[in-house]
Amino acid sequence: MNALHLLPQNATRFERALSEVLDRTPEFGPYIDSIAGLKYGTIPATFSPWVVAEYGLGPISEFFDTDAEVIAAGIPWQRVRGTSLAITKALSWISYASPVIEDHNDRRRKWNRYQIGMGLVPESELPVLMHAEYLVGISDPARSAFIRGWHGYNVRALEWSEQTWGGSIWGDDSGIRLDGGTVKWSHGEDLTHPIAADTADRIALGVNVTAGGSLPWGDFPWNAPGVSWNGITDVGAFKGFLMARLPAYIGFYGPNGEPIGYRRPVAVRNVTAGHAAVPDHVFFEYEARTDFGDGEGAQCASVALVFRARNADAAKPGKLWLEPEEIEFEDGFEADDMTLGPVAVDFAFRRTVRQHVTLTLEI
């Protein structure tokens, strides 16, 4: 616009001349016109940082390689910021494809808290989980509080008349926090492997029995199943009885076979009835779940069944996780003979992950 058009009708000739001399519109006008709508098309690289700043997208810029990517993803996110959709969009930037947001039920006093089913267990906890906590925190409503993320292991706090006691925790949900974080994380992974024992294993464990054979000396009553005064009448029943009496751990080992630790089974089951019949063989299932932080930082390359072992500290016979230096074997038995397996695995022990291992022994 010509500057003369802005002068009042009573402007003097001097004022009009001065205005015309100082008018830079002819010089800058084309550049000013070209700026109009510039940020709605292809944004030049030299101009894009200003657009990122204008839209307030600086807090998420570290999650993208270019300003163009920040703008393309950030503007839709900014428009829905403060909603569950914004949380879902933000988590997708760090490979959480299908999170499920779960609000506290209306029975709770702190109704504004919520949890997220993350949909996967990250391969590494840092910085992924801290990034997730940060992105959710800048995406959710200001009145809401993200308290817990989970996948694979989800045990909730007991609510009277709403849950069974055996399937919940008194006063808290499962999970653990990372250093410097406020969100609790509860992850779990399942590992299932078979182990087949050979004759040497059966001899070492003292269960190499045959039908009609005489009874070996052992710490068992004469009314044990599968035996009579004439000897062994039912190999499967007697062998299952002997196996059920053997103390066992599940051992975890590093890439070079070095022990990482040993976990006491949470359950030992005779599952022979669920398998195809194999003459004189029984199947035992050993189930263990590591706790949060067990073996943290170690890379596990194999697992095995370890028999006739115990805590070297007799004052703590029920300790669930034993470090390599805490385990000892019954008199007359060695670790090599009492270890069945190992079977190859590949996982890292992480603070927020409980490893659920089930080994099925055919013997």
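A nonpolar core is a set of buried Ala, Val, Leu, Ile, Met, Phe, Trp, Tyr and Cys residues joined through side-chain atoms within 4.5 Å. In this predicted model, the largest such core has 49 residues. Phe238, Met243, Phe252, Phe307 and Leu361 have the most contacts inside it. Strand β14 supplies the largest share of this core, six residues. A second, separate core has 31 residues, among them Val70, Ala73, Ile94 and Ile116. In soluble globular proteins, nonpolar side chains tend to be buried together.

With neighbours within four places in sequence set aside, Met243 is in contact with Leu205, Val207, Phe284, Tyr286, Phe307, Leu361 and Ile363.

Phe252, listed among the residues with the most contacts in the largest core, is also a contact of Thr290. Thr290 lies in the loop that runs between β13 (283–289) and β14 (299–307). Beyond its neighbours within four places in sequence, Thr290 is in contact with Phe252, Arg263, Trp321, Phe349, Val353, Arg354 and Gln355. For Gln355, the backbone nitrogen is reached by the Thr290 side chain at 2.8 Å.

Helix α6 spans residues 128–137, and its buried residues are Leu129, Ala132, Glu133, Leu135 and Val136. An α-helix has 3.6 residues a turn, so residues three or four places apart point the same way. The cover over the buried residues of α6 includes helix α5 (84–92) along with the strands β2 (113–117), β3 (145–151) and β7 (184–196).

Technical notes:
Residues numbered from 1 in each chain as written. Predicted model: local features only at pLDDT ≥ 70, side-chain atom pairs only at ≥ 80, totals over all residues. Heavy atoms only, no water. Helix = DSSP H or I, 4+ residues; strand = E, 2+ residues; numbered from the N terminus. Polar contact = N/O pair within 3.5 Å; in protein donor to acceptor, adjacent residues only side chain to side chain. Contact = heavy atoms within 4.5 Å. Buried < 20%, exposed > 50% of the residue type's maximum accessible area, 1.4 Å probe, protein only.
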